[in-house]
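Here is a short briefing on one protein chain. Keep the structure open while you read.

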Amino acid sequence: MIMTQPTLSIITVNFNNNKGLIATLNSIKNQSFTSYEHIIIDACSCALPKNYADTSQYEITNYHELLGLAKLVNEKNETITASIMNDIVFNENLLDANGNVQVADPIKWTPIGNTPIGTERFYFNGIFNGNGHTISGLYVDSGDYAGLFGRAQGAPTIKGVGVVDSYFKGAKY
């Protein structure tokens, strides 16, 4: 008779807590028990790692995940690698034919590498590969830095991404 370890089911329920989810995934990864299945029930934790063994690698497929990536960089100054997997729309048809904002209450964008005035500044220092995709409908109407990225330093790589149909107004840049 062959004895096998029982399979353990780990269920993680998460709502808008990317930091907590990553900590849970790292904890599970570091356990010696290997016969388990992991079920994640998630509601917008944004920018989940594509590979649970390497939590610094992100695949971005929608605006929620892009918001999560910006939040991660802006709160922790993480050195990350991110890849855009498809075109992303924040505010559909944000601008009219004359370049004026036509969306009544647009979703606001906080640039990657930009933190509010009066707090410690974090910058983007990683790899951002747009894979030839576009991000449209970004809306920034305040703050020091405006754009997809606010500030980058070190040796970042930002490539292969287009920003279209977007509105940027910053105090400095």
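The model is predicted. The count of aromatic pairs comes to five.

**Aromatic pair Phe-90 and Trp-109**

- The ring centres of Phe-90 and Trp-109 lie 5.3 Å apart. Their planes meet at 75°, so the pair is edge-to-face, the cut-off being over 60 degrees.
- Phe-90 and Trp-109 both sit in the loop between strand E5 (88-89) and strand E6 (127-136). They are 19 residues apart in sequence, so the pair ties together separate parts of the chain.
- Phe-90 is buried, with a relative accessible area of 5%. Trp-109 is buried too, at 3%.
- Ring pairs also bring in Tyr-63, which forms a cluster with Phe-90 and Trp-109.

**Aromatic pair Phe-128 and Phe-149**

- Phe-128 and Phe-149 form an edge-to-face pair. The distance is 5.1 Å centre to centre, with 90° between the planes.
- Phe-128 belongs to strand E6. Phe-149 lies in the loop between strand E7 (139-140) and strand E8 (157-164). The pair links distant parts of the chain, 21 residues apart.
- Phe-128 has 0% relative accessibility and counts as buried. Phe-149 has 15% and counts as buried because the cut-off is under 20%.

**Helix H2**

- H2 covers residues 63-76, which is 14 residues. From first C-alpha to last, H2 reaches 20 Å, close to the 20 Å expected at 1.5 Å a residue.
- At the start of H2, a side-chain oxygen of Asn-62 comes to within 3.0 Å of the backbone nitrogen of His-64.
- Buried residues of H2 include Leu-66, Leu-69, Ala-70 and Val-73. Glu-65 and Asn-74 are also among them.
- In an α-helix, residues three or four places apart point the same way, because there are 3.6 residues a turn.
- The buried residues of H2 pack against strand E3 (57-60), strand E4 (81-84) and E6.

**Ser-166**

- Ser-166 lies in the loop between E8 and strand E9 (167-168). Ser-166 is buried, with a relative accessible area of 16%.
- A polar atom of the Ser-166 side chain lies 2.8 Å from the backbone oxygen of Val-164. A polar atom of that side chain also lies 3.3 Å from the backbone nitrogen of Gly-137.
- Leaving aside neighbours within four places in sequence, Ser-166 is in contact with Leu-94, Leu-95, Ile-135, Ser-136, Gly-137 and Leu-138.

Definitions and conventions: Residues numbered from 1 in each chain as written. Predicted model: local features only at pLDDT ≥ 70, side-chain atom pairs only at ≥ 80, totals over all residues. Heavy atoms only, no water. Phe/Tyr/Trp six-rings, centres within 6.5 Å; stacked < 30°, edge-to-face > 60°. Helix = DSSP H or I, 4+ residues; strand = E, 2+ residues; numbered from the N terminus. Buried < 20%, exposed > 50% of the residue type's maximum accessible area, 1.4 Å probe, protein only. Expected span 1.5 Å × (residues − 1). Contact = heavy atoms within 4.5 Å. Polar contact = N/O pair within 3.5 Å; in protein donor to acceptor, adjacent residues only side chain to side chain.
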